[in-house]
Amino acid sequence: MHFRLLSPKGRHKDDQDPATIYSAVNSTLHNISARLASSLTVNAIIGAIRRREVVHRLNLGDSCLGDVGCVRLFEFLNSPSGLHCRESLTELFLTKNDIGARGLLAVVAFLRNNIVLRELCLSGNPLTTDPEVIAEFASALNSSRLCTLQILHNSSLGDPFVQALVPRLTTPYLRQLDMSAINMTRAVVPVLVDYVKSPRCRLERLQCNANSLTLGGARMVVNAIEEGNYTLWKVNLDDLHIDEHDGDGEIRTIAWQEGWRVLSAAVQRNLDYKVQLREQSLALLRHCRALFLRSGGMGGSVCSFASVSCCNRNSRSAGPPPFSRLPVEIQQEIISYLAPSLSHRQRMRIVCFAADITTLSQLGHKSDAARGCKKNLETFVRTGLGKRSTSQQRQPFEGTWRPPTWWECRCPIEAQANCCCLRRWRKERRDMWLTQVACDAYEPAH
């Protein structure tokens with residue numbers, strides 16, 4: 001039987017990307033047995049991964065994997081043979097693969113403590129409503145640096161899935177959560193309200209449209225965002241089912257327009273805060289590097305402003321700067337004018353980070369090794385697909401579908417301003433730093 005992983009009629013825009021594996025299964029494969037289809041598909045996918053030097057994206061939607069194929073794929077990715085893919089994979093799309101509880105547990109094993117994967121799509125899969133399996137999934141998600149999670153178009157999940165997952169979410173890295181069209185009802189509204197109002201929520205986008213939250217339930221979520229959430233700037237609660245207590249058409253229209261007005265004002269407020277926090281945090285970091293970083297710094301032991309100021313005052317390198325001779329209270333007051341939108345705790349975290357010499361980029365032989373790795377990646381991108389070299393030491397990747405931390409843009413200087421890859425790489429590095437110092441969300445004064 002003839003089998004091709006890529007159908008000539010299903011070419012994808014990412015097919016020319018040497019770091020992308022796109023699975024468009026031939027339509028004849030759907031007509032054979034599920035087990036055989038899964039085996040053929042996973043063999044082809046694993047073979048394609050083995051032939052790639054770098055894999056940033058696995059687009060495996062509608063690939064007939066099932067639980068068996070999913071388990072086998074992730075066993076390979078967690079093995080030494082698949083390590084190069086695990087260390088570079090940043091986007092994973094598993095849409096419509098009939099993944100159930102066993103397959104989800106295989107995803108859990110891959111996701112746990114994974115600091116590279118940024119986007120995971122499990123839409124159109126039955127998954128499970130087993131609280132224990134969902135708890136394992138939430139635990140793995142909290143230990144990762146996943147930014148986008150898509151679980152939509154599955155009416156079998158419903159309230160039990162949301163009630164088991166959302167209260168367990170504590171990850172500060174998750175930015176987008178899509179739970180559209182999964183048959184949620186108003187019963188989960190208290191869970192959503194508690195989450196968006198809690199400091200556990202660092203979401204920027206929340207998609208819950210095409211569910212049955214009702215107009216009253218949606219308004220409760222909107223009010224929670226207005227009162228206690230400062231990170232969400234894109235929320236979708238459209239296509240809600242009509243509840244008998246929502247009133248007639250005119251009343252519903254007026255109520256929805258008022259809710260939309262409140263939501264629009266809240267998300268615009270949060271977007272303004274986001275821009276202010278980012279700009280002021282980066283500016284404060286530059287100032288504090290100049291004020292507090294000294295060659296005789298205390299490294300990772302610096303944990304408070306008093307110790308930073310004392311270390312700076314007692315520095316033997318070129319003598320203490322005039323700023324450090326001021327009383328600590330005056331120093332803090334001056335710093336507060338440099339970043340007025342940040343809370344006192346946020347400013348102090350940036351000061352301690354800036355004073356820690358171990359947070360500077362590594363130089364010397366490590367940068368030389370990094371430049372060697374960069375040349376290897378450049379050679380691979382120029383030549384396209386090729387056999388993976390085993391003679392060179394592998395380096396872990398931290399970018400998303402984009403270069404790792406040691407990458408440098410090779411565009412001419414005049415063209416670097418328009419380099420999309422460079423802009424995305426810088427944005428992720430910046431966003432990760434803001435998350436690490438907890439300056440990614442506005443902290444109101446109490």
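**Exercise 1. Strand pairing.** In which sense do strand β3 and strand β4 pair, and over how many bridges?

*Solution.* In this predicted model, β3 comprises residues 91–93 and β4 comprises residues 119–121. The two strands run parallel to one another and are joined by three bridges. Within this pairing, F93 is located opposite C121 of β4.

**Exercise 2. Packing of α2 and α4.** Classify the relative orientation of helix α2 and helix α4, and describe their contact.

*Solution.* Two values are required, since a pair of packed helices is described by the angle between the axes and the distance between them. Helix α2 (residues 66–77) and helix α4 (residues 101–111) pack at about 15 degrees, and their axes lie 8 Å apart. Angles under 35 degrees count as roughly parallel; α2 and α4 are therefore roughly parallel to each other. The crossing of α2 past α4 is left-handed. On the α2 side the contact is made by D67, V68, C70, V71, F74 and L77, and on the α4 side by A101, R102, G103, A106, V107 and F110. By class, these residues comprise nine nonpolar, one polar and two charged.

**Exercise 3. Packing of α11 and α12.** Carry out the corresponding analysis for helix α11 and helix α12.

*Solution.* The axes of α11 (residues 328–338) and α12 (residues 344–355) come within 11 Å and cross at roughly 100 degrees. Because the range from 65 to 115 degrees counts as roughly perpendicular, α11 is roughly perpendicular to α12. Q332, I335 and S336 of α11 meet H344, R347, M348 and V351 of α12. The contact residues divide into three nonpolar, three polar and one charged.

**Exercise 4. Burial in α7.** Which residues of helix α7 are buried, and against which elements do they pack?

*Solution.* In α7 (residues 189–197), the buried residues are V189, V191, L192, V193, Y195 and V196. Their packing partners are α6 (158–165), β7 (205–207) and α8 (214–228).

**Exercise 5. The whole chain.** State the numbers of helices and strands, the buried percentage and the share of contacts between residues 24 or more positions apart.

*Solution.* The chain has 14 helices and eight strands. Of its 446 residues, 50% are buried. Among contacts with a separation of 6 or more, 80% are between residues 24 or more positions apart.

Conventions. Residues are numbered from 1 along each chain as its sequence is written. This is a predicted model: local features need pLDDT of at least 70, side-chain atom pairs count only at pLDDT 80 or more; totals for chains, interfaces and linings use all residues. Side-chain values use heavy atoms; hydrogens and water are left out. Two strands pair if DSSP finds at least two bridges between them. Helices (H or I, at least four residues) and strands (E, at least two) are DSSP runs, numbered from the N terminus. Axes are lines fitted to C-alpha atoms, for helices over the stretch in contact, and angles run from 0 to 180 degrees between N-to-C directions. Angles under 35 degrees count as roughly parallel, over 145 as roughly antiparallel, 65 to 115 as roughly perpendicular and the rest as oblique. A crossing is left-handed if the near helix is turned anticlockwise from the far one by less than a right angle, and right-handed if clockwise. Contact means heavy atoms within 4.5 Å. Ala, Val, Leu, Ile, Met, Phe, Trp, Tyr, Cys and Pro count as nonpolar, Asp, Glu, Lys and Arg as charged, and the others, Gly among them, as polar. Buried means under 20% relative accessible area, exposed over 50%, partly exposed in between (1.4 Å probe, protein chains only).
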